[in-house]
Amino acid sequence: MILVDDAGGILPAINHSPWNGATLADFVMPFFLFIVGLSLGLAYKKASCRVLATKKATLRAVKLFFLGLLLQGGYFHGLNDLTYGVNLEYIRWMGILQRIAIAYLLAALCEIWLKTDDIVDSQLSLFNKYRFQWFVVIMLTAIYGSLLYGLYVPDWKFQIPTESLSRVYSVKCGVRGDIGPACNAVGMIDRTVLGSKHLYRRPVYGRTEQCSISSPDYGPLPQDAPSWCQAPFDPEGLLSSVMAIVTCLIGLHFGHIIIHFKNHKNRILLWVGTASGLVALGFILDLSGMHINKALYSVSYACVTAGAAGLLFAATYILVDVCGYRRPTLVLEWMGMHALMIYILAACNLLPIVLQGFYWKKPENNILRFVGI
């Protein structure tokens, strides 16, 4: 994600897709959610006290949510003016860490409370043991699909605050089941519940051809750009986070396979079979009109990315656990153990703030200039 943030403008192929479709960057978040779910299967395989485990999981999720709120809610305004603080009128309630916290908590509660005492000795018994968790997956997917394609999206307005005055823009919708940038139910729910002022103000669809003369990169608006090009849209919103929870629960299933099947061959076959089925289902849905879309976290996107994560995990397992090639992955292992620290320092601009924030007399005389950068 750090690579995408820094080089995405130079190499659009690795940057987020402007709307439909998926690029390298669009696999990062689902991969992380997948491995969070897988880890939960290992962490809660022998929870001695469900109530205590629930309290710990809730506390951990709350901490992660508020950390995300602190880092992505607007507390650090920018690197150029080096001003700090937050305007509660425009604080962003959702974000990457907030979504991970929500998915983690729901998956943890499912693992703590929604499993039976059945003995697992086959694929069918594995499903029976965790059948209530699969019911949650089906229910969440049905709720997401029903709201995305069933809600009526009326015309709506938004404001862009400026130093002098705020201009009001209108967006004409009056449709149901639209999955375009302007009139989808994902954005409508966020605008209604969270408020337009509390959404991400630089949405990815600002890089579409309709909204940027430099597409697929950000750029000036075309003369005939529609009004919604300047509207806020949160890529980690409420409805889209429903399918993020599903990704976490799919990862949890892969963790169950580790726990109940000790043979390398059985594990790999189950992982590859499940992952391949998800990828195939995702592409079938995409060809059927339910397009792969990261901003909406569509069902097809959840299937393809979770399946890809499962295939990559199986390949890594073969490389490290079966073949014994651990040394090439030591750097990745270190990054995985310190992922949150790396994310906070680099992706959330804390490291650049430190490097530029301490200077002598003039802001230009900072640590970077001292070392010749």
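Guide: Let's start with the words for angles: under 35 degrees counts as roughly parallel, over 145 as roughly antiparallel, 65 to 115 as roughly perpendicular, and the rest as oblique. The model is predicted, with local features needing pLDDT of at least 70 and side-chain atom pairs pLDDT 80 or more, while totals for chains, interfaces and linings use all residues. Residues are numbered from 1 along each chain as its sequence is written, and side-chain values use heavy atoms, leaving out hydrogens and water.

Visitor: How are α2 and α8 oriented to each other?

Guide: Two packed helices are described by the angle between their axes and the distance between the axes. Axes are lines fitted to C-alpha atoms, for helices over the stretch in contact, and angles run from 0 to 180 degrees between N-to-C directions. Helices themselves are DSSP runs (H or I, at least four residues), numbered from the N terminus. Here α2 (residues 28–43) packs on α8 (residues 240–260) at about 45°, with the axes 6 Å apart. The two are therefore oblique to each other.

Visitor: Which way does α2 pass α8?

Guide: A crossing is left-handed if the near helix is turned anticlockwise from the far one by less than a right angle, and right-handed if clockwise. For α2 and α8 the crossing is right-handed.

Visitor: And which residues of α2 and α8 meet?

Guide: Contact means heavy atoms within 4.5 Å. On the α2 side, L33, F34 and L38 are among the residues involved, and the α8 side includes A244, I250 and F254. Sorted by class, the residues of this contact are 14 nonpolar, 5 polar and no charged. In that scheme Ala, Val, Leu, Ile, Met, Phe, Trp, Tyr, Cys and Pro are nonpolar, Asp, Glu, Lys and Arg are charged, and the others, Gly among them, are polar.

Visitor: At what angle do α4 and α8 cross?

Guide: Their axes cross at roughly 50° and come within 9 Å. That makes α4 oblique to α8, and the crossing is right-handed. Residues of α4 including R99, L106 and E111 meet residues of α8 including S240, L249 and H256. The contact of α4 with α8 divides into 11 nonpolar, 3 polar and 2 charged residues.

Visitor: How do α2 and α10 cross?

Guide: The axes of α2 and α10 (residues 299–322) come within 9 Å and cross at roughly 65°. α2 passes α10 in a right-handed crossing. F31 and I35 are among the α2 residues in this contact, with Y301 and F313 among those of α10. The class count for α2 with α10 is 11 nonpolar, 2 polar and no charged.

Visitor: Now single residues. Is K115 buried or exposed?

Guide: Buried means under 20% relative accessible area, exposed over 50%, and partly exposed in between (1.4 Å probe, protein chains only). K115 sits in the loop between α4 (96–113) and α5 (123–129), and its relative accessible area of 18% makes it buried.

Visitor: What does the side chain of K115 make a polar contact with?

Guide: A polar contact is a pair of N or O atoms within 3.5 Å; within protein, one must be able to donate a hydrogen and the other to accept it, and residues adjacent in sequence count only if both atoms are side-chain atoms. The K115 side chain has such a contact with the side chain of E111 (3.3 Å). The K115 side chain also reaches the backbone oxygen of Y44 at 3.0 Å.
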